Amino acid sequence: MKIIKVDTYLLKLPLTRPVVAAISTGKRGKPCEQIMMPVIHIETDEGFTGLGYAWTIGTGATAMLAALKDDFTPMLIDEDPLDHERLWQKMYWNTQGVGRHGVMIQAASAVDLALWDLKGKATNLPIYKLLGGAQESTIVYGSDGGWLNMEVDEIIEAAENYMDDGMRGIKLKVGHDDPTIDLERVSQIREGLGDEMWIAVDANQKWDFATALEMGRCFEALDCAWFEEPMICEDIEGHGRLAAQLDIPIALGETLGSKYEIHSFLRANAVDVVQPDITRVGGITEFLKIISMCDAANRIVEPHLMMETSVHLACGVAGVSGLEYMPWLTMAFDTPPELVEGRMVPPERPGLGFEIADGIVDKYRVA
Ligand code: MG
């Protein structure tokens, strides 16, 4: 089989609600309201096709599209799409000088998803079955209901809706300039929800070491499930010190761009809950290696966002404990995975199990 054609474009989709997190806001500090989605379609001489995509809020989307079009498309034409390992090596080593993490790896991740989608279709299997069929569904927790720009009442209401959908955990953003506001909010939400839901907190890299240590002790006292991205992701040693001094598990990984970066945190005992993003670490091919590393290091893996594809990892191989329910891209797909009693069920169609829905390209394409 040979790749004969590659199509790429960029979608700009509205978010499910405007969002503010500790270090990520839109233009002039306003809430982010859109998500950018670079898309790739691969066609073969045998009629099989593959769909892949990446995402970004705010910046970098046109650069990703250019990488897909100008750098990766010529590397793919005439290649056998089933050789995902060889093609990953080709993409990585040909762009390493300008890549390693960020835009190039995210574009390569989109290609990798398309190759796996195609492989599933060529073998007539959903990807989670192709990977090993570890389970038929996976737990999810609510993650789109705890933003800094939401009032406590709104967050409790969102959490109750998640509870009605069968979820038993939520994630709250923390990281106000005045951290006492965070403690007040988390206490109120903890009180409002009672013991029926667990609560994780996410500072999106806001604090220095001293503040993170102090806040971590407070979150422990509030019985939070984990403390996510307490400090800047470059500070591996600092996260190691923090993890040694706190009992609450340290979660991170969404801002790391490869298995190498995640390995550095594992070696430094600087992370307990590992949260790679499938479109930031190199797609399924590289994520599988990260799962093995974490398995050997006895760490939990909780994929960051991208539940529609990560569901295949969570159900395909052992060692992935749950998904983050964030339906940012769901509207783009014709048959996205379903949520049944708090668990996500992968589609039974071959490959990823969905295509871009009718009308989406006409309405949301910007490049
Ligand atoms: Mg996070």
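1. Thr-285 is buried, with a relative accessible area of 1%, where buried means under 20% relative accessible area, exposed over 50% and partly exposed in between, computed with a 1.4 Å probe on protein chains only. This is a predicted model, in which local features need pLDDT of at least 70 and side-chain atom pairs count only at pLDDT 80 or more, whereas totals for chains, interfaces and linings use all residues. Residues are numbered from 1 along each chain as its sequence is written, and side-chain values use heavy atoms, with hydrogens and water left out.

2. Thr-285 belongs to helix H10, helices being DSSP runs of H or I with at least four residues and strands runs of E with at least two, numbered from the N terminus. Its side chain makes a polar contact with the side chain of Asp-112 at 2.5 Å; such a contact is a pair of N or O atoms within 3.5 Å, and within protein one must be able to donate a hydrogen and the other to accept it, while residues adjacent in sequence count only if both atoms are side-chain atoms. Leaving aside neighbours within four places in sequence, Thr-285 is in contact (heavy atoms within 4.5 Å) with His-84, Glu-85, Trp-88, Asp-112 and Trp-116.

3. The axes of helix H2 (residues 84-95) and helix H10 (residues 283-296) come within 9 Å and cross at roughly 95°, the axes being lines fitted to C-alpha atoms over the stretch in contact, with angles from 0 to 180 degrees between N-to-C directions. H2 and H10 are therefore roughly perpendicular to each other, a class that covers 65 to 115 degrees, with under 35 degrees roughly parallel, over 145 roughly antiparallel and the rest oblique. On the H2 side His-84, Glu-85 and Trp-88 meet Thr-285, Glu-286 and Lys-289 in H10.

4. The magnesium ion is coordinated by Asp-202 (OD), Glu-228 (OE) and Glu-254 (OE), at 2.0 to 2.2 Å; donors are N, O and S atoms within 2.8 Å of the metal (3.2 Å for Na, K and Ca), and water is not among the atoms, so sites may look incomplete. Glu-228, in strand S7 (residues 227-228), and Glu-254, in the loop between strand S8 (250-252) and helix H9 (259-267), are 26 residues apart and link distant parts of the chain. Glu-228 is buried at 0% relative accessible area, and Glu-254 also counts as buried, at 8%.

5. In helix H8 (residues 236-245) the buried residues are Gly-238, His-239, Gly-240, Leu-242 and Ala-243, and their cover includes helix H7 (209-221), S8 and H9. Asp-235 caps the N-terminal end of H8, with a side-chain oxygen 2.7 Å from the backbone nitrogen of Gly-238.
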